[in-house]
Amino acid sequence: MAGVFNVTDGDPATTTEFLQRTAALAGLPSPPLVAFADAAGQISPGMLAFLRESRRVDNRRMREVLGVEPRYAPARRRIAASLAEMQETTG
């Protein structure tokens, strides 16, 4: 099996959608929305770089050629499992 394989969860959600879902499932208020033009003064340089380079990636080849399926799909299951694990380890 030669070539490049994109390894992703397959969820097409944006970072904003992911963070809003996570906040909702954790019972927290949604993070404030910041226009990209205003982000430089409000978001860390690392997060800003991540957002600038963030792309949607197709994982079809990973699934079809390697036969790999994400364990926690859709995203709400993955987020809920992560939050449950955090609860178990912290208290």
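Visitor: Is Arg21 buried or exposed, or does it lie in between?

Guide: The model is predicted, so local features need pLDDT of at least 70 and side-chain atom pairs count only at pLDDT 80 or more, while totals for chains, interfaces and linings use all residues. Residues are numbered from 1 along each chain as its sequence is written, and side-chain values use heavy atoms, with hydrogens and water left out. Buried means under 20% relative accessible area, exposed means over 50%, and partly exposed covers the range in between, with a 1.4 Å probe and protein chains only. Because its relative accessibility is 31%, Arg21 counts as partly exposed.

Visitor: With which residue does Asp11 form a salt bridge whose closest N and O atoms are 2.9 Å apart?

Guide: A salt bridge is a side-chain nitrogen of Lys or Arg within 4 Å of a carboxyl oxygen of Asp or Glu. Asp11 is itself partly exposed, with a relative accessible area of 23%. At 2.9 Å between the closest N and O atoms, the partner of Asp11 is Arg21.

Visitor: Which parts of the chain does the salt bridge between Asp11 and Arg78 link?

Guide: The closest N and O atoms of Asp11 and Arg78 are 3.6 Å apart. The two residues are 67 residues apart, and the pair links distant parts of the chain: the segment before helix 1, which holds Asp11, and, for Arg78, helix 4 (residues 75–90).

Visitor: What is the N to O distance in the salt bridge of Asp58 and Arg60?

Guide: Asp58 is partly exposed at a relative accessible area of 41%. Arg60 also counts as partly exposed, at 43% relative accessibility. Their side chains meet in a salt bridge with an N to O distance of 2.3 Å.

Visitor: Which residues do salt bridges that share partners join into one network?

Guide: A search of the whole structure finds four salt bridges. Those that share partners form one network, made up of Asp9, Asp11, Arg21 and Arg78.

Visitor: Which residues does Gln20 touch, not counting those up to four places away in sequence?

Guide: Gln20 has its place in helix 1 and counts as partly exposed at 30% relative accessibility. Contact means heavy atoms within 4.5 Å. With residues up to four places away in sequence left out, Gln20 touches Ser30, Pro31 and Leu33.

Visitor: How many helices does the protein chain have?

Guide: Helices (H or I, at least four residues) and strands (E, at least two) are DSSP runs, numbered from the N terminus. The elements run α-α-α-α from the N terminus on. There are zero strands in the protein chain, and the number of helices is four.

Visitor: Why is the protein chain described as more spread out than a compact globule, and what is its radius of gyration?

Guide: The radius of gyration is taken over C-alpha atoms, and the globule rule is 2.2 Å times the number of residues to the power 0.38. Along its principal axes the C-alpha trace spans about 45 × 35 × 20 Å. For 91 residues the globule rule gives 12 Å, and the chain is more spread out than a compact globule because its radius of gyration is well over that value, at 16 Å.
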